[in-house]
Structures are given as structure tokens and as C-alpha cells.
Amino acid sequence: MTRASGTQDGPVVLSKDGLPAWLDPVVRVVETVEPLQLSRFLPPKSGAGRQSAVLILFGEGEHGPELLLMERASSLRSHAGQPSFPGGALDPEDGDPKADGPLRAALREAEEETGLDPGGVQLFGVLPKLYIPVSGFVVTPVLGWWREPSPVDVVDPNETARVFTVPVADLTNPDNRATTVHPSGHRGPAFLVESALVWGFTAGIIDRLLHFSGWERPWDREKQVPLDWRS
């Protein structure tokens, strides 16, 4: 079990012990998915890009399994106003980007952005590193089980507009699914949940997790949501 007050001092480990049975399909995705099954945007072979990590945190709320998301402040330079997973760039104190650095970064950033107690989080898997061309981030998606939930809220309004959870049942509901269309022509999956439009990198990861876990339900891919150039 991850004792994550160890984001800086103790070891941060991955463990699948004691996970709820409903997470079994997600564990299988972690064990079998290939990078190109998640995204066509993979880290540059040159090694360029800023190392970062996000925390994909599954909990269990009053409406069943749920995911923790936050909405980025509208004043930020990159991905302003977008719903996202907690996360950010690795700091030197997070350690080796090729070892447990991304695990530490995901927990540290989640604590800084949402106030969660990382000691209640059990990390159980890591997905292949992906790339966000628009910001140059090389992102390690780190998966966790919110074994001991703690209160969460906005810590710094300059970084975060709100913190919220989304039931997995809402994410799989076909009525809440759509395709975003950017003026550049790029199309991608989206979710209309909790008064938010979840799109871009975050929606792409959720879409692939639902698909490969077998949780996806048929939805209307012709239902479109236009984006503007500022997105």
C-alpha cells in the first residue's frame, strides 16, 4: 500500500492488493494496453518535452465508482479553464522521471491542487507516457484507488477553479458523450458532466480507459460540440 505522506521522504510503491473487484478491468488495461492504443501522440524519440504526471484517482461515492477531476483556472497560460486530472510537471525533489518520480509528482500535485491526503491513496498502476504537443508535456498517467477518502477543495484559486468528482456511470452514459471539433479540424471525445465539458487529453484518457475496460456503452459519435480557437 502506498503511504504517500511519502511523496518526499518514504518510498512510493505500486500495489494491487485489496483493490475493489470493480477495478479489475482497469487493472487489466494497465497490464495490457499499448501506447498507440491510448494516443497517436507519443513522446518524442529525441527525449524532448517536459516530464509531468497526472493522478487518475478512482474512488467510491454515493453514486458508485467515481473519478476525481478539477477545473483549471481561466487565467493559466496553458489549458486554461479546462477540466483535467490533478497533475503537473515533475520537480527535482520528485526524483528520477524513469523511476518513482512520476508517482511522487502525481501525489504531490494532487495534494497541492485539491488538498487531498495522499496517505489515503493507493497507487496501483502506470499507463504508458503520452505527449501533449500544444504544451510540450510528456505525461505519465498514474492510477490510484482512493482507499481512505479525504476532503478536497480548491487550494489556490490562481491555479484551480473547482474540484469535483464524476460518477463513472455518468461518464458511460451515452447522453453525456459527444465529439469535440476544433477549428483546426481536430476531433476528439468529450464528456458533458457536472456542468463541465471534459475534452482534450483528459477526455482522451477517460475514453480509452472506458473502451478497453469494457465499460463503454454505444454512443452517438456524430453529436458534435464546436470549440473556438482559444481552446
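In this predicted model, L192 stands opposite L197 of strand β11. The strand β10 (residues 187-193) and β11 run antiparallel and are joined by 3 bridges; strands here are DSSP runs of E with at least two residues, helices are runs of H or I with at least four, and both are numbered from the N terminus. Two strands count as paired if DSSP finds at least two bridges between them.

Zooming out, β10 and β11 belong to an open, mixed sheet of 4 strands, ordered β11-β10-β9-β12. At the edges sit β11 (196-198) and β12 (224-226), each pairing on one side only. Neighbouring strands are turned by 40° against each other on average, direction ignored. Helix α5 lies across β9 (177-181), β10 and β11, at about 85° to β10; axes are lines fitted to C-alpha atoms, for helices over the stretch in contact, with angles from 0 to 180 degrees between N-to-C directions.

Over in β9 there is T180, which is buried at a relative accessible area of 3% (buried is under 20%, exposed over 50%, partly exposed in between; 1.4 Å probe, protein chains only). Leaving aside neighbours within four places in sequence, T180 touches H186, R187, G188, P189, A190, L197, W199, V225 and L227, contact being heavy atoms within 4.5 Å.

As for helix α1 (residues 24-32), P25, V26, V27, V29 and V30 are buried. Their cover includes β1 (50-61), β5 (121-126), β7 (137-146) and α5 (200-213).

Residues are numbered from 1 along each chain as its sequence is written, and side-chain values use heavy atoms, without hydrogens and water. Local features need pLDDT of at least 70 and side-chain atom pairs count only at pLDDT 80 or more, while totals for chains, interfaces and linings use all residues.
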